[in-house]
Amino acid sequence: MAISMTQAAIDHVAGYLVKRGHGEGIRLGVRTSGCSGMAYVLEFVDASEPEDQVFEFGGVKVMVDPKSLTYLDGTQLDFVREGLNEGFKFSNPNVRNECGCGESFTI
């Protein structure tokens with residue numbers, strides 16, 4: 001099982017960790033939410049949990065709990081700027097359907 005990051009995502013997370021002054025990386029997960037059933041959870045973290053699967057890209061660590069990894073296997077995390085908007089984009093090959101607003105998905 002694997003997660004990947006684009007260089008844009010690596011650069012964004014690394015820059016934010018420098019501004020933050022501490023932290024080991026980000027936690028990527030899923031939770032039950034939204035009209036389609038599941039939503040992504042992304043947060044900056046100071047340390048991994050013992051059960052986490054840890055992926056490292058250019059000095060940036062991505063921690064994923066075992067339950068979430070089942071739904072996220074093969075996902076690529078990108079950071080995109082589109083006009084005035086910017087944010088993380090998830091390319092998850094396991095997604096079968098997404099809600100109209102893009103906030104949630106089904107596997």
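This passage describes the fold, the surface and selected residues of a predicted protein model.

The model is predicted, so local features need pLDDT of at least 70 and side-chain atom pairs count only at pLDDT 80 or more, while totals for chains, interfaces and linings use all residues. Residues are numbered from 1 along each chain as its sequence is written, and side-chain values use heavy atoms, with hydrogens and water left out.

The protein contains 2 helices and 9 strands. Helices (H or I, at least four residues) and strands (E, at least two) are DSSP runs, numbered from the N terminus. Read from the N terminus, the order of elements is β-α-β-β-β-β-α-β-β-β-β. The radius of gyration of the protein is 14 Å, which agrees with the value near 13 Å that a compact globule of 107 residues would have. This radius is taken over C-alpha atoms, and the globule rule is 2.2 Å times the number of residues to the power 0.38. Along the principal axes, the C-alpha atoms fill a box of roughly 40 × 35 × 20 Å.

Of the 107 residues, 36% count as buried. Buried means under 20% relative accessible area, exposed over 50%, and partly exposed in between (1.4 Å probe, protein chains only). The protein exposes about 6200 Å², of which carbon and sulfur atoms supply 47%. Accessible areas come from the Shrake-Rupley method with a 1.4 Å probe; for residues, only the protein chains shown count as cover. A contact means heavy atoms within 4.5 Å. Among contacts between residues at least 6 apart in sequence, 50% join residues at least 24 apart. The protein has 9 positive and 15 negative charges, and their mean positions are 3 Å apart. Lys and Arg count as positive and Asp and Glu as negative, whereas His and the chain ends are not counted. The place of a charge is NZ of Lys, CZ of Arg, CG of Asp or CD of Glu.

The structure holds 3 aromatic pairs. Rings of Phe, Tyr and Trp (its six-membered ring) pair if their centres lie within 6.5 Å; planes under 30 degrees apart count as stacked, over 60 as edge-to-face and the rest as tilted. One of the pairs is formed by Y40 and F90, which is stacked because the ring centres are 4.0 Å apart and the planes are at 10 degrees. This pair links distant parts of the chain, with Y40 in strand β3 (residues 37–45) and F90 in strand β7 (residues 85–91), 50 residues apart. Y40 has 19% relative accessibility and therefore counts as buried, while F90, at 21%, counts as partly exposed. The rings of F79 and F88 form an edge-to-face pair, since their centres are 5.2 Å apart and their planes are at 75 degrees. F79 is buried at 8% relative accessibility, and F88 is partly exposed at 26%.

Both F79 and F88 are in contact with H12, when neighbours of H12 within four places in sequence are left aside. H12 lies in helix α1 (residues 7–20) and is partly exposed, with a relative accessible area of 26%. The C-alpha atoms of H12 and V80 are 9.8 Å apart, although the two residues are 68 residues apart in sequence.

K61 belongs to strand β5 (residues 60–64) and is partly exposed, with a relative accessible area of 24%. Not counting residues up to four places away in sequence, K61 touches E24, G25, I26, V54, F55 and E56. K61 and A47 are 14 residues apart in sequence, with their C-alpha atoms 9.7 Å apart.
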